[in-house]
Amino acid sequence: MILLTVGDLLEIKDQPMGLKLLAGDAGLGRRISQYRIQKSGLTLTGLYENVHEGRIQLLGQNEMDYLDSLPALRQKEVLKGVAGKGVPCFIVTRGLKPPAALLELAEEEGIPVLQSDEISSAFIIQLHHFLEFNLAASTTVHGVFMDVLGVGVLIIGISGVGKSECALELLLKGHKLVADDVVQVRRAHANVLWGSCSPVVQHHMEVRGLGILNVAALFGVTAVRERKRIEVVLELVEWDGSVEYDRLGLEHKTYTILDIEVPLLTVPVSQGRNTAAIVEVAARNFLLQEKGIDTALSFQKKINADLIRKRLRGNPVDREKN
């Protein structure tokens, strides 16, 4: 289960929402379990049944104006009623000064009160994106994740098959590294998977014989990405002469991650094969297919149409045999 606390909001890298803690630091460990944000609105009138446990409560200009119209005792009463429904924290937007009753409640009940200078609409969008990504179902996959021509290619295979060497060659071609060895995968939307790297090893990769490399330092900051959508899984396998590999591209296999099926390509690796070039072409072919151009299918249709024409007019070779 994903664990996200109020304290995590204050540790967001570069803090684009400008969050500041005003009161209730004893409750920074409170859990946030829902990515939707709730504007308190009518709940401040006493409709506490509409308050959702684990959902952040937002106080904007309208809420502040309404609270200011109430006596101090009534302010505290309604805020306590909202807080009692399992609210992780209150966030005040527009840099507004919260009423003293809210700050007192925060200290008494250990419910953090945060503040942002952003207007409510802009703040909700930013926080929603952050929560949706960080509360999504997640897993880890052993492999190398690259951005190749804008396509998120997850390269998997047994240890030593050449995944990192392939990634290194792709970097030399100008493509981007997202993660090496351990790829963190999150299901942020119903049919979208995002891959990223652990902050501890971010922008680094291991190459046998060279050790740990800092990709950002070697190739520049444009050679790395924080995260990318996973669009193709490419499995590197050792060449086996007894196995019949797909030669036409008509097989459509998938690889399942977090119940999402991603197109899977199996590429046999042998001495002399330029694996990086194959990965790059696979990305180009994926972009074509996204535009509705399936080369293998078009080729098959062309062959089938040619065979039908020959049958209809009679194959000259068949007539000579007769």
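In which helix do Arg309 and Asp306 both lie, and how many residues apart are they? Both of them lie in helix H9, three residues apart, which is about one turn of the helix. Helices here are DSSP runs of H or I with at least four residues, strands are runs of E with at least two, and both are numbered from the N terminus.

Before I go on, a word on what we are looking at. This is a predicted model, in which local features need pLDDT of at least 70 and side-chain atom pairs count only at pLDDT 80 or more, while totals for chains, interfaces and linings use all residues. Residues are numbered from 1 along each chain as its sequence is written, and side-chain values use heavy atoms, with hydrogens and water left out.

By salt bridge I mean a side-chain nitrogen of Lys or Arg within 4 Å of a carboxyl oxygen of Asp or Glu. Arg309 is partly exposed at 44% relative accessibility, and Asp306 is also partly exposed, at 25%. For these words, buried is under 20% relative accessible area, exposed is over 50%, and partly exposed is in between, with a 1.4 Å probe and protein chains only.

Helix H9, which covers residues 295–313, also holds Leu307, a residue that is partly exposed at 37%. Together with Phe299 and Ile303, Leu307 makes a nonpolar surface patch of about 260 Å². Patches take residues with over 30% relative accessible area and no salt bridge, joining nonpolar side chains (Val, Leu, Ile, Met, Phe, Trp, Tyr) within 5 Å and like charges within 9 Å. The areas themselves come from the Shrake-Rupley method with a 1.4 Å probe, and for residues only the protein chains shown count as cover.

Across the whole structure, a search finds ten salt bridges. Another of them joins the side chains of Arg74 and Glu77 at 3.0 Å, N to O, and these residues are separated by about one helical turn because they are three residues apart in helix H3, residues 72–83.

Lys173 is partly exposed at 36%, whereas Glu280 is buried at 14%.

Now to the interior. In soluble globular proteins, nonpolar side chains tend to be buried together. The largest nonpolar core here has 30 residues, of which Met146, Val153, Leu170, Leu171 and Met205 touch the most other members. A nonpolar core is a set of buried Ala, Val, Leu, Ile, Met, Phe, Trp, Tyr and Cys residues joined through side-chain atoms within 4.5 Å. Among the elements that give two or more residues to this core are strand E6, strand E7 and helix H8. A second, separate core of 21 residues includes Val51, Val82, Leu96 and Leu102.

Finally, the cysteines: a search of the whole structure finds zero disulfides, a disulfide being a pair of cysteine sulfur atoms within 2.5 Å.
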